[in-house]
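Reader: I would like to go through this structure and ask what stands behind the labels. Please set each value against its definition.

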Amino acid sequence: MTRSLAIPRTFALTLLSLSVLSTGARSQEVQYGVGTWTPDSLGNHRVILRVDGDAGAVTVHIPWRRRDLDPDRKETIIVDGRTGARVANVARLEITRASGDFAFEPVSGAGEYYAYYLPYIMEGRSNYPTVTYPEPAATASADWLRRHQLTSEELPGGAWRNLPRATVVEIQSVDAFNGFFPMEVIATEDEVAALEQSNPQASYLLFPEDRSNPIRMTTDLPFRWIESGPGAAIQGAADRGEFYAFQIGLYAVRRPIRNLSVTFTDLRATSGRGVIAGSAFSSFNTGGVDSFGDEFAKTVSVEQGKVQALWFGVQVPESAAPGTYAGEVTIAPEGEAPTTLPVSLNVSSVVIPASGDDEPWRHSRLRWLNSGIAMDDELVTPFTPVEVDGNRVSVLGRRVTVGRNGFPAAIESFFSYEMTHLDDAPRRVVSAPVRLVVEDAGGNTLSWEGEGFRYTRQNAGVAMWDARNVSGALVMDVHGAMEFDGNIEFRVALQATEAVTLADVRLEIPVAADVAKYMMGMGYKGGFRPAAFDWQWDVEHNQDGAWVGDVNAGLQFSMRDDRYVRPLNTNFYLRKPLIMPASWENEGQGGCRMSEEGDAFMVRCFSGHRTMQTGEVQHYDFRLALTPFKPIDTAAQWRTRFYHRFTPVDSIAALGANTVNVHHANRVNPFINYPFIVPDEMIAYVDSGHARDMKVKIYYTVRELTNRAHELFALRSLGDEILSFGQGGGPPWLQEHLDQDYIAGWYVPRLKDAAVINSGVSRWHNYYLEGLNWLVQNVGIDGLYIDDVAFDRTTMKRVRKILDRGGPGKLIDLHSANQFNVRDGFANSANLYLEHFPYINRLWFGEYFDYDSRPDFWMTELAGVPFGLMGEMLQDGGNPWRGMLYGMTARLPWAGDPTALWQVWDEFGIEESRMVGYWVPDHPIATNHPDVLATAYIKEGQTMVSLASWAEEAVDVRLTIDWEKLGIDPQGATLTAPPIREFQEAAGFDPARAVRVEPGRGWLVILRGR
């Protein structure tokens, strides 16, 4: 495939000038440009000064118009341009945001000197640095200060004004990206006051602005607007088929502006009869379509003295005749006179592809924020259609019987213990119906009456039903929705028709005792489930449910209400934690108790005593995710071999890997979560991989976003809808160009790539999905590597559909560091991301996971087998012997080297084998030691056996072999260990005799018939 999508990386900042006014008169021209120096010692900004003669001291007036606060408390370093040495004798005279006056000693006489302002100190972790701006240091000698009347006692006299003056040649940034010109060059207080006086009746002013100059400041006006003035016409130029984006800045002059509305007229051709409908306009700040496909409106209000950027766009039809189109936009704040601005759009004769999306600088991609791409009920592989038969709803491998009350009366699983296929006979997951129990003030359980449930929607992707239940003064409306992946959402509205007092409202899930083998969640580390467990809501813990189950049957339950918002995760949970559900948490009374009761492990999630007033509604929503989601695909596990680093594909292929993950911070994918900057380089790399039958996947997710994103300031204009508010700080670019309400994310010092944290589930997910589709269609990527997940299952389902529709065989692998720690809310990574597991292909869990943990931890939190997945190991390379019990290896080239194991796999032909894990009750090979486990990989006439030990010392282990199940004649059978580098030496064993297994190690042996 030949593609070319050259995209401008940035706008070149050539020598630009700004007219600087003083008391109403034009006094000087300030030049703006870029220079070259080392920013990490001097900062990103400087002023070139010129001294024309020899003098012991000169002064300079720098009209820097700084957007940062308190410049008088920040250092300025003056450097001799000839020697590169810092000038020690410097006096700070008058320092304001508008300008700075300095006196300094021109040590080398006439020539250039540099004044570096905003120098910073970077400390701490390189990827999460702490950056400070030092206060001014007193470096001038007392003698020099006295000689030139620059002591603090003499400065008020103003004698320094008689010193020779240096001139400002140019204000520079270290590159165009760091520059302040033109939108961050502030207007002075006097200029703003004069603007307001010239508009004495205005409560607000409007300033049209081109998309090439995103409005950046919210607390200052750019000087550019002083020169241009408010209320000008909006004038733009667009191609046919382009989504043309533009902005209007609103300045609240004399009072706060509340709840503004926006309307557009049609744009009509000034010659001819062409029309661009007013409905073709989008107003991103006042509303849109969320990531669930629902339209919403936003309230836009602006505090007095603040600036609000309003972003708009209009879709120009491809059929539009070239020419000029004219219309109007009206901004109407609540209680204020509306303002109407003329709009003039010159449409060229060129037809631009993809609405202009191939060139992100156009901001046409803002329309992606409202996209509904892949928002449908269609299936994805390997799932089967939802089947409804009376009150039974079936999906792949699972069946639910819906009771009259709308809750599950029975849940069954058809997955085999081997997890590679389905069985004919089901396994009972719950031993009795799931109930929402309501007790009156006396502790009596209420009985409910109703007409039973009714289906409201049925198709291949989902079955929905409603049920109304009544008990006295209480009405319980149940809405259930079971999707093809086995996720069931229950929206439960409990309403009081008159005031009632309740002793408790609780969810009871009687998990079958034999199924409730393992558990994780609610602060419980994954492993064998306890006999009893108590839990209460705690905002410091990122958990609203748990998973209970066995390898081939189980469920995750989670409790929510109508205010649920997905919290942040991965180092940032405490910045935006879980919102306690008002119904379930009930001011600290709610919690869960679990205990063994007969043939059930009973889960009781209670909310406690409450009084409901007449008409009050409490939402007792909950979700059940039925596991496993799908059979494990062992052939894909053996066939797909990852290399996780940007490296020439020939080198990767030589190692035997066939799937490369291209992370960020490299030549083809330089900036985090914005893989659109250098598409031609990425296309070339993807094509080179495809030429060698390799898959090429990229890192791309939504947890954080690079400061290089073209739409960054448009997103900032949306408040905290897309970018989280926070305490600011972090790398210099963020501190110098963003207002303080943000959370600094990942930083790559080499590329100065500084990310900010997304707010969670938002319209950015729609943009992300459209971006993924663009990458699939234009770059040809083969899937995604996702490093922790900041989006919900709805978005992940749309991700899967986009990939599948882009061609077969596209992959998603999910990495997570162990989040069972205080900063991540003690979340079990597998429990946290369980909702995404139906749609991914492989797990990579991850940093900080303890591979010395017991097998029950491996099964629940590492291997993925109970959920239909397989994985790989990361931390310190994992444990290769234990990993092979679950079909796991390390991943090249991060830790460990699986290439020798891959070679043995190929020699044995593992791709054609049947994996029978140690967890299968009737597995054909077992050991006589409880701490040494065995997994068999069975082929005709031979079986590869993985042995791994958790014993504390070396042990001699005998194998119990069911020769008939293996199809091997024991007479003359051999048991050999092939040589595997850094794994085992070659060895031969007698199948009837004991095998010595060292602690923490194991064997990979092959049993062959005669």
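Reader: What do the buried residues of H16 pack against?

Author: The buried residues of H16 pack against helix H6 (634-639), strand S46 (642-643), helix H15 (880-885), strand S58 (932-939), strand S59 (942-949) and strand S65 (1002-1008). Contact here means heavy atoms within 4.5 Å. Helices (H or I, at least four residues) and strands (E, at least two) are DSSP runs, numbered from the N terminus. This is a predicted model, in which local features need pLDDT of at least 70 and side-chain atom pairs count only at pLDDT 80 or more, while totals for chains, interfaces and linings use all residues. Residues are numbered from 1 along each chain as its sequence is written, and side-chain values use heavy atoms, with hydrogens and water left out.

Reader: What makes H16 mostly covered?

Author: Seven of the ten residues in H16 (899-908) are buried. Buried means under 20% relative accessible area, exposed over 50%, and partly exposed in between (1.4 Å probe, protein chains only). The buried residues are Thr-899, Ala-900, Leu-901, Trp-902, Val-904, Trp-905 and Phe-908. An α-helix has 3.6 residues a turn, so residues three or four places apart point the same way. After H16 comes Gly-909, with a positive phi near 85°.

Reader: Why are S24 and S25 called paired?

Author: Two strands pair if DSSP finds at least two bridges between them. S24 (387-389) and S25 (392-395) have three bridges and run antiparallel, so they meet the definition. Val-388 has Val-393 in S25 as its bridge partner. The two strands form a hairpin with two residues between them, and Gly-390 in the turn has a positive phi of about 65°.

Reader: How many bridges join S25 to S26?

Author: Four bridges join S25 to S26 (398-402), again in the antiparallel sense. Arg-392 stands opposite Thr-401 in S26. This hairpin also has two residues between its strands, and Gly-397 there has a positive phi near 75°.

Reader: Why is the contact of Lys-801 and Asp-376 called a salt bridge?

Author: A salt bridge is a side-chain nitrogen of Lys or Arg within 4 Å of a carboxyl oxygen of Asp or Glu. For Lys-801 and Asp-376 the N to O distance is 2.9 Å, so the pair qualifies. Lys-801 counts as buried because its relative accessibility is 1%. Asp-376, at 25%, is partly exposed.

Reader: How do you know that Lys-810 and Asp-782 form a salt bridge?

Author: Their closest N and O atoms are 3.9 Å apart, so the pair falls within the 4 Å cut-off. Lys-810 lies in the loop between H12 and strand S53 (811-816), and Asp-782 in the loop between helix H11 (764-779) and strand S52 (783-787), 28 residues apart. Lys-810 is buried because its relative accessible area is 10%. Asp-782 is buried too, at 8%.

Reader: Are Arg-981 and Asp-897 buried or partly exposed?

Author: Arg-981 has 47% relative accessibility, so it counts as partly exposed. Asp-897 has 37% and is also partly exposed. The two form a salt bridge with closest N and O atoms 3.0 Å apart. A search of the whole structure finds 63 salt bridges.

Reader: What makes a set of residues a nonpolar core?

Author: The set must consist of buried Ala, Val, Leu, Ile, Met, Phe, Trp, Tyr and Cys residues joined through side-chain atoms within 4.5 Å. The largest has 266 residues, and those with the most contacts inside it include Phe-104, Ile-509 and Phe-837. H11 gives the most to this core, with nine residues. A second, separate core has 32 residues, among them Ile-234 and Tyr-244.

Reader: Which backbone oxygen lies 2.7 Å from a polar atom of the side chain of His-923?

Author: That of Ile-925. His-923 is in the loop between strand S56 (914-916) and strand S57 (925-927).

Conventions. A polar contact is a pair of N or O atoms within 3.5 Å; within protein, one must be able to donate a hydrogen and the other to accept it, and residues adjacent in sequence count only if both atoms are side-chain atoms.
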